Amino acid sequence: MNDRFGRTITYLRLSLTERCTLKCTYCRAAEGDCPKKSELTREELLRITRAFAKIGVNKVRLTGGEPMLRRDLLPIISDIRAIPQIQEITMTTNGQHLPGMSTALKAAGLDRLNISVDSLKPEKFAKITGGGSLERVLTGIDEAFAAGFSSVKLNVVLLRGVNDDETEDFIELTKDRNIQVRFIEYMPLGDTDRAEDRVTGAELLQKHPELVEIAPSYKGQPARDYQMPGYVGKVGLIDPMSHRFCADCNRVRVMSDGMLRSCLGCNEEFSLKEALEQPDDDALIEQIQKAIAQKPSTHCFDTGFTAEKTMSRIGG
Ligand code: SAM
């Protein structure tokens, strides 16, 4: 389905839970998570994804909160895999629950993994995440390759004075393996104010002039891709604050409580809950179409806007 600006919506980001194992200061605020009982059930997640597939969505990202906290994660992936229109299923995870799981995730039908890792120093990693284990993330990455994932994307939110001294180490991870390190600009979401510490994509490029820009892999890709000459992997810049990519935006988000957001950087939400009470999917599809039709042309971040909810609540 096209929105009123001619953008074709093909990509659903589906939050499975607001709960998370970690407490990254820039991601989770003091506001607390939505109670587990208000999370969409496996059946509701399937109905919603089927409805999106009917209007042209072909890619789904499972996210949260921490999606791997869902005990029914594997059946949820298998359910979505069985929808004929869905060509790609990806998941963003903090990696804490990944050891021992990659083979099962692949077998259930997961195509790709994004793993968040903001520091390669164990103590700093634990400090940023409120107690997370870097070792588990690194083991998870190794096991993902061993299980047959052909590439792994690593998400790094760069904050000045926190992890901006590690950019070279992150880039070195791309030397021998098909790892895509994606440096993400901090966005003002919820009461996590770190705007002063944001490191922009331009600053990163200034620091690493050796990076060579390469063609995007697909239209609507949020990252601008770069590569170190001779390296196997890639470096991506996701810089929505300094380098807007809304004109090519192809995505919408459904939060774990059944609220639909057509734009991360605007507060408008549409509830799918009432439509889910209907026995057929007509009302559900109608509500989704209504939300897509009203998708704003751009995010509102550069007008001083702060999203009411944190990324962990909206779904990263
Ligand atoms: N728990 C999973 C994880 O850690 O990857 C998935 C959810 S997390 C919200 C998804 C991504 O959003 C993470 O890579 C996180 O670093 C990023 N993120 C969270 N808050 C952000 C913010 N304010 N600005 C930019 N990225 C943010």
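## Basis of the model

The model is predicted, and local features need pLDDT of at least 70, side-chain atom pairs count only at pLDDT 80 or more, and totals for chains, interfaces and linings use all residues. Residues are numbered from 1 along each chain as its sequence is written, and side-chain values use heavy atoms, with hydrogens and water left out.

## Nonpolar cores

A nonpolar core is a set of buried Ala, Val, Leu, Ile, Met, Phe, Trp, Tyr and Cys residues joined through side-chain atoms within 4.5 Å. Buried means under 20% relative accessible area, exposed means over 50%, and partly exposed lies in between (1.4 Å probe, protein chains only). The largest nonpolar core holds 68 residues, and Phe52, Leu62 and Phe183 have the most contacts inside it. Helix H1, residues 42-54, gives the most to this core, namely six residues. Helices (H or I, at least four residues) and strands (E, at least two) are DSSP runs, numbered from the N terminus. A second, separate core has 21 residues, among them Met241, Met259, Phe301 and Met311.

Which residues does Leu62 touch, not counting residues up to four places away in sequence? They are Leu14, Leu16, Pro67, Leu73, Ile77, Ile80, Ile89, Thr90, Met91 and Thr92. Contact here means heavy atoms within 4.5 Å.

## The packing of H1 and H9

Two packed helices are described by the angle between their axes and the distance between the axes. H1 and helix H9 (residues 282-293) pack at an angle of about 65°, and their axes are 10 Å apart. Axes are lines fitted to C-alpha atoms, for helices over the stretch in contact, and angles run from 0 to 180 degrees between N-to-C directions. The crossing of H1 past H9 is right-handed; a crossing has this name if the near helix is turned clockwise from the far one by less than a right angle, and is left-handed if anticlockwise.

On H1, the contact is made by Arg47, Ile48, Ala51, Phe52 and Lys54, and on H9 by Leu284, Ile285 and Ile288. By class, six of these residues are nonpolar, none is polar and two are charged. In this classification, Ala, Val, Leu, Ile, Met, Phe, Trp, Tyr, Cys and Pro count as nonpolar, Asp, Glu, Lys and Arg as charged, and the others, Gly among them, as polar.

Glu18 lies in the loop between strand E1 (11-15) and H1. Glu18 is buried, with a relative accessible area of 1%. Its C-alpha atom is 5.9 Å from that of Ser312, although Glu18 and Ser312 are 294 residues apart along the chain. The side chains of Glu18 and Arg313 are joined by a polar contact of 3.2 Å. A polar contact is a pair of N or O atoms within 3.5 Å; within protein, one must be able to donate a hydrogen and the other to accept it, and residues adjacent in sequence count only if both atoms are side-chain atoms.

Is Lys309 buried or exposed? Lys309 counts as buried because its relative accessibility is 12%. Lys309 is found in the loop between H9 and helix H10 (311-314), and a polar contact of 3.0 Å joins its side chain to that of Glu269.

Gln180 lies in strand E6, residues 179-184, and counts as buried at 12% relative accessibility. Gln180 and Lys153 are 27 residues apart in sequence, with their C-alpha atoms 4.6 Å apart in space.

Gln227 lies in strand E8 and is partly exposed, with a relative accessible area of 22%. A polar atom of the Gln227 side chain lies 3.0 Å from the backbone oxygen of Gly233. Met228 is in the loop between strand E8 (224-227) and strand E9 (234-238), and is counted as buried because its relative accessibility is 9%. Leaving out residues up to four places away in sequence, Met228 touches Ile171, Glu210 and Leu211.
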